[in-house]
2 protein chains.
Amino acid sequence: MPDPVFQRLTLIGLGLIGSSVARAARDSGAAAEIIACDASAEVLARVTDLGIADRVEDDPARAVLGADCVMLCAPVGALAEIAATIALNLAPGAVLTDVGSTKLSVIRDVGPLVPAGVHFVPGHPLAGTEFSGPDAGFSTLFEGRWTLVVPPAGTNAQAVDKVAALWRRFGAMVEVMEPAHHDRVLAMVSHLPHLIAFTICGTADDLEDESRREVLQFAASGFRDFTRIAASDPTMWRDIFLNNREALLEMLARFTEDAQAMARAIRWGDAAYIEDKVMRGRKIRRSLIDLNQA
Amino acid sequence: MPDPVFQRLTLIGLGLIGSSVARAARDSGAAAEIIACDASAEVLARVTDLGIADRVEDDPARAVLGADCVMLCAPVGALAEIAATIALNLAPGAVLTDVGSTKLSVIRDVGPLVPAGVHFVPGHPLAGTEFSGPDAGFSTLFEGRWTLVVPPAGTNAQAVDKVAALWRRFGAMVEVMEPAHHDRVLAMVSHLPHLIAFTICGTADDLEDESRREVLQFAASGFRDFTRIAASDPTMWRDIFLNNREALLEMLARFTEDAQAMARAIRWGDAAYIEDKVMRGRKIRRSLIDLNQA
C-alpha cells in the first residue's frame, strides 16, 4: 500500500460521510491512525462496535490533539462551535478540512477561528445516499464521484494538495473551485432539488384525507422519486438551506419564474412551448449520460 | 394456461406501454390473438421484427375489425382522431379501452364517438420507465403495479370486470376510480413532479455557460434524479399537461405557495419551520416504504 497521506486523521461527526471516510481511510491506507469523535454517545458506541476507528473520543478538544488532519463531518450549522472548541488544540502545520455542502458559510464561520500555522482547506464530496448514521457508511462511497476542494484565497498550496490527495486515495475525482461559485453550482444541482422535493411532500401531505391516502397508494414514478430525495437527514438539510440562503433563493426564484411560464403555456394551450421545455429536459438527461453522471 | 380474457385484442400505438401489453397478453395468454396498429411504419416494422403481435396493420379502421377488445395506447392528444377513424368499425359488444394518463379529457374526447353497444372503459396502468418505443417494452412492466380502471357513470359492469381481469392477468393490482378524482390524484403523484422536473432542467440550461457546464459535470443526486424523470416521451407529456390542465394548475399553485413559504422561512432564518417540512418529507417516504410503493 502507498504511504499514508496523513499520520493521524481525526474525524468529528461519524454520520454517513464521516463513517465512510473512516472506512475509506483505513481501506486505502490513507491515514495511519483514525480517531473518531461525535457528540452522540450512541454513535460512538456504534463506531466502536463497527471497529472503523482506532480510537473514539467524546471530547473534540482532546480528539484533535496530535492530529495532522482534522476533518469536520458534522452538519454545517454546528461547525462554528466545534471549531471554537478545538482551535487552540490544533497542532501547528495541521490541516483542518470539512465536508459541508455550503462553503461561503463555513469559511465565514470557521475561518476566523483557525490559528496561524494551521491550514484550513474546505472540501465537499459530492456523494451520499438517502440513509444516515454510522451504519449507513461504506468505504467505496466516494469512488468515481467528484470531491470539490474549495480553499479561500491565499490558502497554502501544499495543504490543498494533501487534501486533494486524500480524496483521490478514496477513489474520488477532485476539482478545485472558488467558494462563491461552489455555492451557486450546488444550489442548482443539489439544494434546490432537495428544497423542491421536501416541499412537494408537504403539498401532498396537505391534501384532503382521501386524496392524500391515494397519493401514497398510487405514488407513480415522479412523486416516488421525489420522496427518495426527500428522505435525507433533516438537520443537515435545515443547515444547508439556512447557510446557502442567497444562492438558493436566487435559484428558486429563477425556477419559479420558469414554472409560472410553464403554467401560463398550459393554461393557454401553447403546445410548442411545452414541447420545447420537455425536449430540453431530455437533452440535458442525454448530456448527463454522455458525461457518465447519470 | 387459463382461458383468454379476449379473443382478439387490437392495440393502437405500440410504444413502451402498447408493446408491453402485447408481450404481457401473449405471455399470460390473456388474448388469443393480438393485432398491432401504429401510425409509424418504422414502429410497425420493429413490431414485426420483434414478433410481439400476430398481425400488424397500418390502418386503424381495418385493425379493429372483429376485435372484442380495442386498446388505445397512443398519446392522449391523438385519441379523438383515432376514435373517429375506428368508431364505425367497432364490433357490437366490443370493449374499447385506453391507457392514457388523463381521464376526463379521454372521456370528453372519445366518449361521444363510441357507438351504442360498444363498451368504453378507460384505464390507466401506473407503470412506465424513462424509455420509449416498442423496443423499450417488456412483459413484466405491470407486475405488482397498480392499474386504475376509470369508467364514466353508467358503464356496463361486465365490461369493467373484463378490463380489470385483463390487467390482473398481466400481474397488476386493479382499483376502480372516479374520473375527476383520478385526474386530481395523478396531477399530484405524476403530472406535477414531471412538470417540475422538465422545468428545473430548463432553469439549469439557462444558467450562464460556466455554471451550466458545471451543473452537468457535478450533477449530484437531486438534479440527476430530476433529469431521469425528465427523460420521458415529449409528445406524451405535452398531451398530458394540456389535457389535465385544471387539476395540474391547481396542484402547481398549491406547490408554489408552499415553495414560497419555504423561501420566506429560509430568508428569515426560521429553522423550526424548515426542519418541520424536512421531517414531513421523511415521514411520507417512510409511509411509501410501508406501503411497498417506494
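Author: Domain bounds come from an automatic or database domain assignment. In this predicted model, chain A is divided that way into domain 1 (6-177) and domain 2 (181-290).

Reader: What do you know about how domain 1 and domain 2 of chain A are placed, and how many residues does each bring to their contact?

Author: Over C-alpha atoms, the centres of these two domains of chain A are separated by 30 Å. Domain 1 gives 14 residues to the contact and domain 2 gives 16. On the domain 1 side, six residues are nonpolar, six are polar and two are charged.

Reader: Let's turn to helices. What makes the passing of helix 7 and helix 11 of chain A a right-handed crossing?

Author: A crossing gets that name because the near helix is turned clockwise from the far one by less than a right angle. Helix 7 of chain A passes helix 11 of chain A in this right-handed sense. Their axes cross at roughly 65 degrees and come within 9 Å.

Reader: Which residues of helix 7 and helix 11 of chain A meet there?

Author: From helix 7 come A:Asp183, A:Arg184, A:Ala187, A:Met188, A:His191, A:Leu192 and A:Leu195, and they meet A:Ala247, A:Leu248, A:Met251, A:Leu252 and A:Phe255 of helix 11. Nine of the contact residues are nonpolar, one is polar and two are charged. As a reminder, residues three or four places apart in an α-helix point the same way, because there are 3.6 residues a turn.

Reader: Why are A:Glu214, A:Val215 and A:Leu216 of helix 8 called buried?

Author: The name requires 20 or more other C-beta atoms within 10 Å of the residue's own. A:Glu214, A:Val215 and A:Leu216 are the buried residues of helix 8 (residues 209-217) of chain A, so each of them reaches that cut-off. Their cover includes helix 7 and helix 9 of chain A, together with helix 7 and helix 12 of chain B.

Terms used:
Residues numbered from 1 in each chain as written. Chains lettered and ligands numbered in written order. Predicted model: local features only at pLDDT ≥ 70, side-chain atom pairs only at ≥ 80, totals over all residues. Buried ≥ 20, exposed ≤ 12 C-beta atoms within 10 Å, placed from the backbone. Helix = DSSP H or I, 4+ residues; strand = E, 2+ residues; numbered from the N terminus. Contact = placed C-beta atoms within 7 Å. Nonpolar A, V, L, I, M, F, W, Y, C, P; charged D, E, K, R; others polar. Axes fitted to C-alpha atoms, helices over the stretch in contact; angles between N-to-C directions.
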